[in-house]
Each structure stands twice: as C-alpha cells, then as structure tokens.
Amino acid sequence: MTVDAVSVEVLRNALQSAAEEMGKTLIRTAFSTNIKDRLDASAAVYTPEGDLVAQAEHIPLHLGLMPSVVREVLKIHPPQTLHPGDALLINDPYISGSHLPDIFLITPVFFEGRLVAIVSNIAHHVDVGGLAPGSMSVKATEIFQEGLRIPGVKLIKQGEIDPDMLRLIQVNVRTSSVTLGDLYAQMAANNVGGKRIIEMIEKYGHDHVQACMQAILDYSERRMRHALAEVPVGSYTFTDYLEGDGVEEYDIPIHVNIHVDGEEVTLDFTGTSPQTKGPVNSTLGVTKACAYYAIKAMCDPDIPTNAGAFRVIHVKAPSGTVVNPDFPAPVSNANINTAQRIADTILGALADVLPHRAIAACSGTMNNFTIGGYDKESREYFSYVETYGGGQGGMRGLDGMDGVHTNMTNTLNTPSEVMEQSFPFRVERYGFAEGSGGDGEFSDGIGLVREIVIEADDVTVSLSTERRQRAPWGLFGGMPGGKSECWLVEPNGEKHLLPSKSTLTVHTGSRIILKTSGGGGYGDPSKRSAERIQQDVDHGRITQEQAKQWYGWSE
C-alpha cells in the first residue's frame, strides 16, 4: 500500500503523541521521586516486528537503547508466543540494556487477534538490590553484586499479573513498596499507549497504519542519508579518558575513528581500553545509543528519532573492551560516566569538520549521588537517587547553559523541599558553583554545588563523578572548564576530599558537599565582548579575578 506524505506526517505525530502521553502517565503515577520529580523515564512505540517508530522526547540514553532492546526480547518471546494482555519485564544489560536499575516493560498491542504494535517504557528504579542502596556501588567487580537481573520474563500473562514474579522482585529490593508503585505506573503507561494505537487503527485502518509506520522509518533513513552526504568523506579520530573505575584510579582511554563514506557512517572504537574491574563498563547497547545520539546531534537534530534514522549508523566495538565488555563485568556506573565520555569522543572527532554544529566539552558526567539506608523513624529503607547537572560547553554564537544535564541525559533536579520531606537529611546549600566555567569567545556554563546534612545513622553514600583530574576541554581557542570535587565533613568537623567515585558509610551530622564541573569555552577569549564579560561577573558566572586574568577586564 502506498501512502501520501500528508498521511505519513499525520500518523507520525499521532504516534509521537501516544509516546508522549505514555511518558506523562508514567511520571504522574510513579511513587519514587526519581521518576515523578526528576522524570527519569522514557516511552516509545514500535512496529509489530520491534522496530522503534516513535518515542517521547525524554532521555537520550534511554531512547538510544530502545531500538535494540525490544528486538532482543522478541528473540526470547517471538511474536507468535505473545497474547493480548501480556507484558514483558527486562533489565538485563547483557541481553540489551543499560544497567540494572533501568527496567523495561514491553507490551504487545493486539487488534482483532492480530499483533499491530508494541509499546514500551523504561524507568530508573531507586533500588534493585546489590551491594549498596540505589544499586550503584562503585565497588562492584561483577554484575552479580549490582542487583537483581530480570532476563525478559512475562510479568503479565493474558491480563493477569503474575503474583509470584512480583513477590520475587519485592523481596530482592530494599524499597519494595516504592518499587511496586513504580512498576504499576509502568503498567498504566503501556495501557494508555495500547489504547491510543487501537484508536488509530479503528480510525485509519490496520493496513494504512502499518504502511505509514514503514514510511516513517524510510523517511528518517532518507533524512539521515542526506545529512551524512553533507559531511566531507573521510576519517576523523578523537581520544578522551575516564578517571578510574571506582576500584582502581588510572586513565581509561576511549578512542573512536569515525569513517564517513557518502551516506553512511561507521564508528570504530578499536584502541579503546580493555574492560575494567570496576563498574564503568558500557554494554554495546549503551555504546550504540551514544553513537546514535551524537551523530544525529551533529548532522541533523530535527530528524524524527526512530530505527530508520539509525540504519546507516554502524558501530564497531571490540568485545572485552570498556565499550563492549564480556560477561560478567559490572556495568552500573557506565550510564553515568562512560556514556558521557563516549559522546564526548564522537563530538570531539567531528568538531573540526562540522564547526558550526560543534560544542565544547560539557561537564562530562551525570554526577550520580545516592544516599540510602534504614530510617528508624519510619521503620523503612530509603533510597535517594539523583544525578546532578553541570556546565554546558560553549558553541558558535551561544554561551553554554548553567547547571544543566547535557548530551546523554535530560532529567530534572529534585526540589530541596521534596528531598527533606522524603528522606532523613536536609539540604543546607544549593546553587551555582561560581567561577567553574571556562573562558572563550562563547563561554561555557558553570556547575552546581549542593551541601547535604545527614540525619540518620549508618547511611550509605555512593558518589560517581568525573572531570576531577581532566577538565572539560575547550574548542578553537576556548579554555577548559572548572573541575569537580566532593567533600565529606564529619560530625567532629574533620574535612576529607573524597575520590571521584566513592561508596562509604556516614553518620548523623555528616555533611556531603558536591561541586560539579563546568564546561569548556568556544573560540578565542580575546574576542568576547565587554558587555558579555560584565554580565558574567554580575551574574556570578565568573569572579572578578577570573575576568581580569582571562580577559584583561576592569570595571
């Protein structure tokens, strides 16, 4: 069946709206602050064959994973074995996922006995077991220490929730009631998505909707091919480094060679570090997600995001490396740090050839901060999970934004009031980290600083950051951004600089002070206008001393 361009656009927006409504439903009905306040979740719609056709504009890392995870699950549960009312649950990174806290719920959609689509969502749960609350311990040396693995099982069978499966999950996590609430929110989201797909088929007809789905994929492929054709043919390389794996402190190189050949592109990570002992190993699914994001961002950000756009992006990641580890390597902190560094290497490799789209290095980490333990007052376990923003890199014609998430993540912050109402600690300070930016004709954004006072005993804190030693790099004469740091102030007043990746036990009265990094500047600092420099000083983005040192500025 042939379809006209207007019909394709109507259905593309209808499918997009369905995915957006799924995401809103999940966020509105979730229990955890990580989802309902921070929006750490994503949703998407697929063809019956498992090809991503539409997704909500949520988290780039999640959305880049979605093209592969449903296809892999369909290998375990082929379409002919699925029934109306089924729903599949998976979080296993070695099947096709990110890390164990990210749980996918996949629901086939049937109309008159025929499989017509698949809807799916992913939510970051605040605990799935493992060594430490939040399931993000930097001390894990194998995936078995990171929590409960769910290998693609039927949570719902023909409309009936499997109570045994729910009990199995509940007894393996610390925050069982919150986890259960978030799982029900995921079910609600997929129910909404399924209803919207059925309404489309009732309105437009099965054959028309299926034809439009395929046309949408083909359209995105054409757009991506056209965008790549405008990139000069050639090979472009870049290397950047992670600062240790949580178990050992050493430079971990990530190297990429990007070969653009007309209308297709291959990203080869040969030369990247072998997989690490600690949990910064990036599964192949995560590595591909970074490639999809960075290539699309640099070539044509407006291409509809679906499996068609990614048909011409090829990834070579040698097995046994930090970008494609062998089982059972730990992976929990790769989303937080390694994914951002993979994106940095790709963006850095293409900067010279696409300077009008290039961006200096951003903060380069999601700055994961987890606080968990047992609250004697409520007699329940708690798990606070948050990632902190930093500075965005400068780019041609634009300064970077302050205190935001960039590249592979797009979550919000947890309001201080919500934190204090939900967990046994208080927020003493929260604001921008003055002077953490890098200078340039277009400067970067500055980082954040948050100080938390613990009000419970035997609390486990897990910290996972980067850019402690190697500052975010600048471009075309722009200078590096400010570095991150984290301090522990004990109840007796002793102050300790914590490693960038730490899991430790603290007690009542302890203070944790986390300062995130800025980003790099873009362009020659001497070309920055006096007006912008004055605004930087007035708004606290740089100090007067930095203005004098960097720009020769005086009031």
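**Sheet and helix packing**

A: In S9, Val256 is the bridge partner of Phe238. This is a predicted model: local features need pLDDT of at least 70, side-chain atom pairs count only at pLDDT 80 or more, and totals for chains, interfaces and linings use all residues. Residues are numbered from 1 along each chain as its sequence is written, and side-chain values use heavy atoms, with hydrogens and water left out.

Q: How do S8 and S9 pair, and over how many bridges?
A: S8 and S9 (residues 251-261) are antiparallel, over 10 bridges. Two strands pair if DSSP finds at least two bridges between them. Strands (E, at least two residues) and helices (H or I, at least four) are DSSP runs, numbered from the N terminus.

Q: What order do the strands form?
A: S8-S9-S10-S11, an open sheet of 4 strands with mixed pairing. S8 (234-243) and S11 (313-316) are at the edges with a single partner strand each, so one side of each has no neighbour in the sheet.

Q: Which helix packs on the sheet?
A: H8 (residues 284-299), which touches S10 (264-268) and S11. Contact means heavy atoms within 4.5 Å. The direction of H8 makes about 140° with that of S11.

Q: New topic. How do the axes of H1 and H7 cross?
A: H1 (residues 5-29) and H7 (residues 206-229) have axes that come within 9 Å and cross at roughly 90°. That makes H1 roughly perpendicular to H7 (65 to 115 degrees). Axes are lines fitted to C-alpha atoms, for helices over the stretch in contact; angles run from 0 to 180 degrees between N-to-C directions.

Q: Which residues make the contact?
A: Among them, Leu11 and Arg12 of H1 and Cys212 and Met213 of H7.

Technical notes:
Angles under 35 degrees count as roughly parallel, over 145 as roughly antiparallel, 65 to 115 as roughly perpendicular and the rest as oblique.
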